[in-house]
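Here is a short briefing for a reader who is meeting this structure for the first time.

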Amino acid sequence: MKVKNLLESTDFYLISDNSGIKNEVNGIYSCDLLSHVMGFASEKNILITVLNNINVLGVASLLDLSCVIFSHKIQVNEAIIIKSNELNIPLIGTKLTTSETVISLYNLGVPN
Amino acid sequence: MEPFARDYNIEKHDLTNAGTIASLTKRELKKRGLTRDFIKKVTIGIYEAEINVVIHSYGGIAAISITDDSIEVTFTDKGPGINSIDDAMMAGFSTASSLAIENGFGAGMGLPNIKAVSDKMVLTSSKEGTRLYLKFDISSDNYES
């Protein structure tokens, strides 16, 4: 499964440009504490967070995550969007809560 | 391969550049043909230590040295030091500022994460500064075949 497959659902919209939408997806990790993300997320995971912060992308890049989903309709600032395009790590938005996002991804067939 | 040695400055509260040292080291380790799992382990250790200097100290330096057999990293900062190393090593214990917490840090997992991924960790601290030495051993299994 690829990031672009997630965008086939009406739950999700692309915040960044098309860079990285062909990234492979192999699981879900959800947390707003970056040390937990560093310790527990795996390569090619989707990160779900409400943390509207450039350090999210630093961690996503170090771990080779597939994309970042901002739940709760979080408004992401421009600096983060520019950085995500540079790093080929797509940013996806959703109005769903974090738990609803996990369920929606599971229903799309994302392994967990 | 040729040994790799670099010193990097770390500025107090510079969260925008936090992670740069981990990122540059990751690039070097990839170049040297190390496995993804091994690189992840080292990257976690360096990232967490880098964040600690940014959010807790008055700034400092990181010295990274890589050979075919090991990676040695020393973070030295200018204070104010850790009150109790035993407390700081406890998972979930945190003295992080609101700035750190707003930026997604301060979970109290930094030092426990570092200990879990490194082969050797020596932490000393006084009011004048904290020194964290980390060593990651490289075996032949850690290279991509």
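**Sheet and interface in a predicted model**

In this predicted model, A:Tyr29 stands opposite A:Leu47, a residue of strand β3 of chain A. The two strands concerned, β2(A) and β3(A), the latter spanning residues 45-49, run parallel and are joined by four bridges.

**The sheet of chain A**

- The strands of chain A form an open sheet of five, which follow the order β1-β5-β4-β3-β2 with mixed pairing.
- Because β1 (13-14) and β2 (27-30) of chain A stand at the edges and have a single partner strand each, one side of each is left without a neighbour in the sheet.
- Helix α5 of chain A, residues 98-108, packs on this sheet and touches β2, β3 and β4 (67-70) of chain A, while its direction makes about 155° with that of β3(A).

**The interface of chain A and chain B**

- Chain A brings 19 residues to the contact and chain B brings 20 residues, and between them the two chains bury about 1,600 Å², of which 53% lies on carbon and sulfur atoms.
- Three salt bridges are counted between chain A and chain B, and one of them links the side chains of B:Arg36 and A:Asp64, with an N to O distance of 3.5 Å.
- On the side of chain A that touches chain B, the elements giving two or more residues are α2 (34-40) and α3 (54-62) of chain A.
- The residues on that side of chain A comprise nine nonpolar, seven polar and three charged.

Methods:
Residues are numbered from 1 along each chain as its sequence is written. Chains are lettered from A and ligands numbered from 1 in the order in which they are written. This is a predicted model: local features need pLDDT of at least 70, side-chain atom pairs count only at pLDDT 80 or more; totals for chains, interfaces and linings use all residues. Side-chain values use heavy atoms; hydrogens and water are left out. Contact means heavy atoms within 4.5 Å. Buried area is the accessible area (1.4 Å probe) that two parts lose on being put together, summed over both. A salt bridge is a side-chain nitrogen of Lys or Arg within 4 Å of a carboxyl oxygen of Asp or Glu. Ala, Val, Leu, Ile, Met, Phe, Trp, Tyr, Cys and Pro count as nonpolar, Asp, Glu, Lys and Arg as charged, and the others, Gly among them, as polar. Two strands pair if DSSP finds at least two bridges between them. Axes are lines fitted to C-alpha atoms, for helices over the stretch in contact, and angles run from 0 to 180 degrees between N-to-C directions.
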